[in-house]
Amino acid sequence: MNLIIPAILAPFSMMMLILLLRRFPAALALMGAAISLLAGIGLLSNAFNGMAGELILPGLPDMPLRLIATPLTALLATLVAAIGGLVLVYAAGYMKQDSEKVRFFATMLLFLSAMQTLVLAGDWILLLAAWELIGLSSYLLIGFWYRRPGVRSAASRAFLTTRSADLGLYIAAFILISHAGTNDIATTLDSTGNAAITAGLLLLVAAMGKSAQTPLHDWLQRAMAGPTPVSALLHSATLVAAGAILLIRTAPMLPPQTLLVVGIVGGITTVVTGLIALGERDLKRLLAASTSSQYGLMLVAVGAGVPLAALLHLIAHAAIKSSLFLGAGVFQHARESTAFADLKGAGRDRPRIFVAFALAALALAGIPPLSGFFSKDAIIAASLSSPNAWVLASFALAGTLLTGAYMARALRILWRGNRQHRHIPGLGWMTLGLTGLVTLAVILGATFPSIEVLLDQSLSGNPLAQLLGLSAALIGLALGRFIPGWRLLGPLLPWARQGFAIAGSFDTWVVQPAYAIARACEQLERGLYNGVLAVGRAGLAMSRAARWGDERGIDGLIFSLVRGVHELGNRARTLQSGLIHREMAIMVAGTALIFVALLIGLSVY
Amino acid sequence: MTAQLFFIGFFGLAAVWFGVVVFRTFSMVRSALALLFSQTALGALFLSLQAEFLGILQIMMMATEMSILAIFMVMFMMDPGGLGEMEMTHQKRLSLGAGIIAFVAAVAVALFVDWGPVAGVAPAAAQQTVDLSRELLGRSMLIFETAGVTILTAMIAATAVAIQPLQQGGRHEH
Amino acid sequence: MSIELLLALITGAALFGIGVYGALSQTNLVMIMMGVELMLAWAMVNFVAFWRYLHPDNPAGQMFVLIIMTVMAIEMAVGFGVAIARFRARGSVEMEEATELKG
């Protein structure tokens, strides 16, 4: 049986089951994720053996829907399922006391199946559909606690931002399909010339939206209003990865100019969001800015022409960032808040969790032998080897430095402070999930060589890159450990606190106009509704007028006729005087008239 | 035919003159008598027109009728003798105008219509009577039978109308 | 057009005119009836004149005169009956006072 089917359908069918049964949501969710993981591993082993799986579904005429399991896609499918499963284990504990578990796990499963479809998609149309679905599930999950203030607007903002960037994906897909004549992704990657340049830039726009690159990074900060498992799964490892995945898959097609733009965008993002992270006063928002920064690094790698480095970093980052978020979730439950002001010393309450958190943080900074070191190293090496080495390498190194700085800052704040002890329900499950992910974060570096073999590519080792990367990381860690964030940022602090908003940022340029258009549409609709009502009222008025006309006019006419006849009768009555001589006079006159008439008649005849 | 013409003219004039007298006198009896003479003159006119049976009939009938009329006059008039000289007419101008118009119209018809060839000779009186009686009992039998029934009805009606309405107890109101 | 005929007709016309005048102008019922008598007399004169000068051989002319006489008799009879009844009911036969049928 084609393993693609359970990979996608397992989470989906479990979601239906949860919605139908409304019981055992966590258990069913875990089962769905587990089956999907098994299927993914099966696909991966098939890929190792050189077998590529494929599933063709009937779609539009001449454009069937394709699901393919190449080494790349199988790898990504396994990754998604693994991270998803571990996060769901964690979520079983995190959501233990929440009243709406059914909705939560059902939506998480919806997301899982949509994400699996996305990574396994072989044609543009299916990819577009899955892209939309993950956007939808992101909206539903960010706004999960919709009754809390600010949550709904955060979800709408995130949705609107990514949605408007998705326009780029649509146009790029249409350009590629019409250029190549088929919707098969692999075939369209052979496009060259203007189509490739334009499509590449548009794909970059879509990736910027989904992966929260500057200037579209704001929505990710706001998305932290959702539950922590959501942040861990969607907004660190999988959904935001979709943008990077898109660029990694279409990298063969992108011409050098586009690649340069990709690299620059990624580089700017790395630096800007790194600075934001330095100034953040909320742990989850710091992690969100960090996510944007890391994806910026991945885009730098793609821009350098080595998508493999980006892929490796994606895999490593998935495990690292999700474990960071899971740890943050434990602290959140411990202190009922994610603001740094409340979290001071939270690490000291739960040392084991803190150790896990610290391991993941160091991995992110790029300390060997943790996985982050290998992937960062690959990126820096790639940037050094690219034609635009100066620009890209400086961005990459700056990003590495900043990573170390803000991670150290976070660790410092978490460790130093007062201790509070509070019982956290579901800690067991949460620890389990967290442990799994941290383990992955630590050991994934060892799997990289086999991935290289799988994908039939290799990375060039560069000792200079290793040296530069390591020193940048260490300097960053030291800076963050000893110097407070606000002093590091200096004059940039207020700007950083604002999220480096430029001219009112995306908010004023896109969101407010969108809201304004929505309000205008509502006004229009109300106007039309009133118009229809007015037409109805006009009809009623007409009918009233008709009735009035009938009553006054026609009836009036008839009654006046009646009155006229009455009057006439009254007048004529006076002729009847009862006096015989009068009547005789009338008789004579009448006879004379008859006589005359006869005469005329006879003479005429 | 001058004699006939003279007699026609004379009796016609008499009839008209007496007719005028009927309405000009104040005395009721005199107007009844004037009417009597007018009708008698008409009868004589018929005689002069060689309609002897009709003439005699006219004189006899009218004499009787007018006398009865005179009696009714005396019964019902306020002032049968006409001694009060009261004006007893109304809408005088209207009726005068109507009368004159009627006269003019009739004369116009008489003058302007072509009556066709005029017959000169009338049959003898005996012959007229025989023809008339034959006509009466022959062709016009139905008419006179009807007329007879009508007269009977009229007599009964007149009597019924003229009878006193019966009061309670069968007494006759006086 | 013989002169006798014309004369007779003119006589009749004069009687008719007087009769119309009388019928319309008199207040008393009996006088009105006298006017009617004169009008009928005109009819009779006309008939006799026409019979004599136009169709002397046809006795139907005289027939008609008999009929008119009959009509005169009937009319007088009924009229006087009505006059008696009226006199008994109201005490006079003046037509000026007979307004009961006023509509």
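**Exercise 1.** What percentage of the contacts in chain C with a separation of 6 or more comes from residues 24 or more positions apart?

*Solution.* Start with the term: two residues are in contact if their C-beta atoms, placed from the backbone, lie within 7 Å. Residues 24 or more positions apart make up 54% of those contacts in chain C. By the way, this is a predicted model, where local features need pLDDT of at least 70, side-chain atom pairs count only at pLDDT 80 or more, and totals for chains, interfaces and linings use all residues. Residues are numbered from 1 along each chain as its sequence is written, while chains are lettered from A and ligands numbered from 1 in the order in which they are written.

**Exercise 2.** Describe the side of chain C that touches chain B.

*Solution.* First, the elements: chain C has three helices and zero strands (DSSP runs, H or I of at least four residues for helices, E of at least two for strands, numbered from the N terminus). Next, the contact takes 61 residues from chain C and 70 from chain B. On the chain C side, α1, α2 and α3 each supply at least two residues, and α1(C) gives the largest share, 20 residues.

**Exercise 3.** Work out how α11 and α13 of chain A are arranged.

*Solution.* Take the axes, lines fitted to C-alpha atoms over the stretch in contact, with angles from 0 to 180 degrees between N-to-C directions. Those of α11(A) (residues 241-250) and α13(A) (residues 283-303) come within 10 Å and cross at roughly 5°. That makes α11(A) roughly parallel to α13(A), a label for angles under 35 degrees. Finally, the residues: Ala244, Leu247 and Ile248 of chain A in α11(A) meet Tyr295, Met298, Leu299 and Val302 of chain A in α13(A).

Technical notes
Parallel < 35°, antiparallel > 145°, perpendicular 65-115°, else oblique.
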